[in-house]
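This report describes one protein model and is meant to be read beside the sequence and the structure. Please keep both in view.

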Amino acid sequence: MATKEQQDSAPFTAMKPLRAALNGVGIVLPSPAVDAASPQLRPIELGRVRADVAARLAQALQQGGRE
């Protein structure tokens, strides 16, 4: 079951800070989009990325977003 925070998160609203946070650590996802196929879940499709971008994303997450 979704938490209250998850239920209140609008996908288009969530994409803006996500994109800004990723840009802040030098990561650009080429094709993030709101997935309209399951509106009740409000999913965000992060898209496909190259292996080097995935590795940098993992490193940024492990470092807590600090470089």
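What percentage of the 67 residues of the protein count as buried? The share is 13%, where buried means under 20% relative accessible area, exposed means over 50%, and partly exposed lies in between (1.4 Å probe, protein chains only).

## Basis of the report

This is a predicted model, in which local features need pLDDT of at least 70 and side-chain atom pairs count only at pLDDT 80 or more, while totals for chains, interfaces and linings use all residues. Residues are numbered from 1 along each chain as its sequence is written, and side-chain values use heavy atoms, with hydrogens and water left out.

## Overall architecture

The protein contains 3 helices and 2 strands, and their order along the sequence is α-α-β-β-α. Helices (H or I, at least four residues) and strands (E, at least two) are DSSP runs, numbered from the N terminus.

The accessible surface of the protein is about 5300 Å², and carbon and sulfur atoms contribute 57% of that area; such areas come from the Shrake-Rupley method with a 1.4 Å probe, and for residues only the protein chains shown count as cover. Among contacts with a separation of 6 or more, 47% join residues 24 or more positions apart, a contact being heavy atoms within 4.5 Å.

## Helix H2 and its cover

Helix H2 comprises residues 11-24, 14 residues in total, and its first and last C-alpha atoms lie 20 Å apart, close to the 20 Å expected at 1.5 Å a residue. The expected span is 1.5 Å times one less than the number of residues in the helix.

Pro11, Met15 and Leu22 are the buried residues of H2. They lie on the same side of H2 because they cover an arc of only 45° around the axis, the arc being that of the directions from the helix axis to the C-beta atoms. An α-helix has 3.6 residues a turn, so residues three or four places apart point the same way. The cover over the buried residues of H2 includes strand E1 (33-34), strand E2 (44-45) and helix H3 (51-62). On the face of H2 turned away from its buried side are the exposed residues Thr13, Lys16 and Gly24.

Ala60 belongs to helix H3 and is buried, at 7% relative accessibility. After H3 comes Gly64, with a positive phi near 70°.

Gly26 occupies the loop between H2 and E1, just after H2, and has a positive phi of about 75°. At 42% relative accessibility, Gly26 is partly exposed. Ala60 is 34 residues from Gly26 in sequence, yet their C-alpha atoms are 9.3 Å apart. Val53 is 27 residues from Gly26 along the chain, with a C-alpha separation of 9.5 Å.

## Arginine residues and the salt bridge

Which residue pairs with Arg50 in a salt bridge? The partner is Asp52, at 2.9 Å from N to O. A salt bridge here is a side-chain nitrogen of Lys or Arg within 4 Å of a carboxyl oxygen of Asp or Glu, and the count by this rule is 1. Arg50 is exposed, with a relative accessible area of 54%, whereas Asp52 is partly exposed at 38% relative accessibility. Side chains of opposite charge can pair when their charged atoms come close.

Arg42 lies in the loop between E1 and E2. Its phi is near 55°, a positive value in a residue other than glycine, and Arg42 is partly exposed at 37% relative accessibility.
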